[in-house]
Amino acid sequence: KKILGGEKKAYFKIQGVDISKNKPIDCVDKVQCPLLIIHSKGDKLVNVKHSDQLYSKAKKPKQLWLIDWDQHARGYQKDPKLYERKVLDFLGRCFTK
C-alpha cells in the first residue's frame, strides 16, 4: 500500500521511519509539555492541513506558527533571526514564572 509514493516514500525510508506505523495525530494528545508546531504554508512534502489537525488535537500550552515558505523543514534557513525569536518567545512564555 503506497501512502506517499515515489520519491517521498523513499525519503521516509531513508530516515528509518515507517509512516504507516508512526502517525503524530495518534499521539499528539498525549504530549505533556508545551508544543510549538512550525510548518511552511507551501510545504510540498507534508500538507499544511496536517499541522492544523495536530494543533486542534494537542493540549495546551500550544502554538501553531505557519511560515510563508514553500519548502519542508527549511524555516530556519528562510529567516534565522525570526525563527530564533519565535522559538525563544514561545519557550519564554511557557517556562518563565
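Q: Is tryptophan 65 buried or exposed?
A: In this predicted model, tryptophan 65 has a relative accessibility of 10%. Buried means under 20%, so tryptophan 65 counts as buried.

Q: Which geometry class describes the pair of tryptophan 65 and tyrosine 83?
A: The ring centres of tryptophan 65 and tyrosine 83 lie 5.7 Å apart, with 50 degrees between their planes. Planes under 30 degrees apart count as stacked and those over 60 as edge-to-face. The pair is therefore tilted.

Q: How many residues apart are tryptophan 65 and tyrosine 83?
A: Tryptophan 65 belongs to strand 2 (residues 62-67), whereas tyrosine 83 belongs to helix 4 (residues 80-95). The pair thus links distant parts of the chain, and its members are 18 residues apart.

Q: What angle separates the ring planes of tyrosine 76 and tyrosine 83?
A: Tyrosine 76 and tyrosine 83 form an aromatic pair with a centre-to-centre distance of 5.6 Å. Their arrangement is edge-to-face, with the planes at 90 degrees.

Q: Which accessibility class applies to tyrosine 76?
A: Tyrosine 76 has 37% relative accessibility.

Q: Which residues form one aromatic cluster?
A: The structure contains two aromatic pairs. Tyrosine 83 pairs with tryptophan 65 and also with tyrosine 76. The cluster consists of Trp65, Tyr76 and Tyr83.

Q: At what distance from the ring centre of tyrosine 55 does lysine 62 lie?
A: Lysine 62 is positioned over the face of the tyrosine 55 ring. Its distance from the ring centre is 4.4 Å.

Terms used
Residues are numbered from 1 along each chain as its sequence is written. This is a predicted model: local features need pLDDT of at least 70, side-chain atom pairs count only at pLDDT 80 or more; totals for chains, interfaces and linings use all residues. Side-chain values use heavy atoms; hydrogens and water are left out. Rings of Phe, Tyr and Trp (its six-membered ring) pair if their centres lie within 6.5 Å; planes under 30 degrees apart count as stacked, over 60 as edge-to-face and the rest as tilted. Helices (H or I, at least four residues) and strands (E, at least two) are DSSP runs, numbered from the N terminus. Buried means under 20% relative accessible area, exposed over 50%, partly exposed in between (1.4 Å probe, protein chains only). A charge sits over a ring if NZ of Lys or CZ of Arg is within 6 Å of the ring centre and within 35 degrees of the ring normal.
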